[in-house]
Amino acid sequence: MDKKRENFVRLAEQRTNRALREIRLIGNLSNRSAYLSTDEDVKKIFRALQKEIDTAKGRFGDAETSGETLFKL
């Protein structure tokens, strides 16, 4: 396999698995006995996540999108 391909596969697997693990941890925040959130908080979280997914996906296509943003409730 080409070295660039090997690097892509290795890093893609590591980074995707790390992102999935972190998303699962965000899901843990739904525990109402441990945390208090509003519907607006939840909407903000998932809008921010979706925006970053859309940005990352766009970078693989023709449309270049940029702008790293930090999430804040």
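This is a predicted model: local features need pLDDT of at least 70, side-chain atom pairs count only at pLDDT 80 or more; totals for chains, interfaces and linings use all residues.

Guide: Residues are numbered from 1 along each chain as its sequence is written, and side-chain values use heavy atoms, with hydrogens and water left out.

Visitor: How many helices and strands does the protein chain have?
Guide: The protein chain has two helices and zero strands. Helices (H or I, at least four residues) and strands (E, at least two) are DSSP runs, numbered from the N terminus.

Visitor: What share of the residues is buried?
Guide: Of the 73 residues in the protein chain, 4% are buried. Buried means under 20% relative accessible area, exposed over 50%, and partly exposed in between (1.4 Å probe, protein chains only).

Visitor: Which helix gives the most to the lining of the second largest pocket?
Guide: That is α2, with four residues. Both α1 (3–28) and α2 (39–59) supply at least two residues each.

Visitor: And which residues lie nearest the centre of that pocket?
Guide: They are L29, S30, S37, V42 and I45, from a lining of 13 residues.

Visitor: Now L49: where is it?
Guide: L49 is in helix α2.

Visitor: Why does L49 count as partly exposed?
Guide: Because its relative accessibility is 26%.

Visitor: How far apart are L49 and F71?
Guide: In sequence they are 22 residues apart, and in space 8.9 Å, C-alpha to C-alpha.

Notes:
On a 1 Å grid over the protein atoms alone, a cavity is a set of points where a 1.4 Å probe fits but cannot get out, and a pocket is an open set with protein on both sides within 12 Å along at least five of seven lines; lining residues have an atom within 4 Å of a point.
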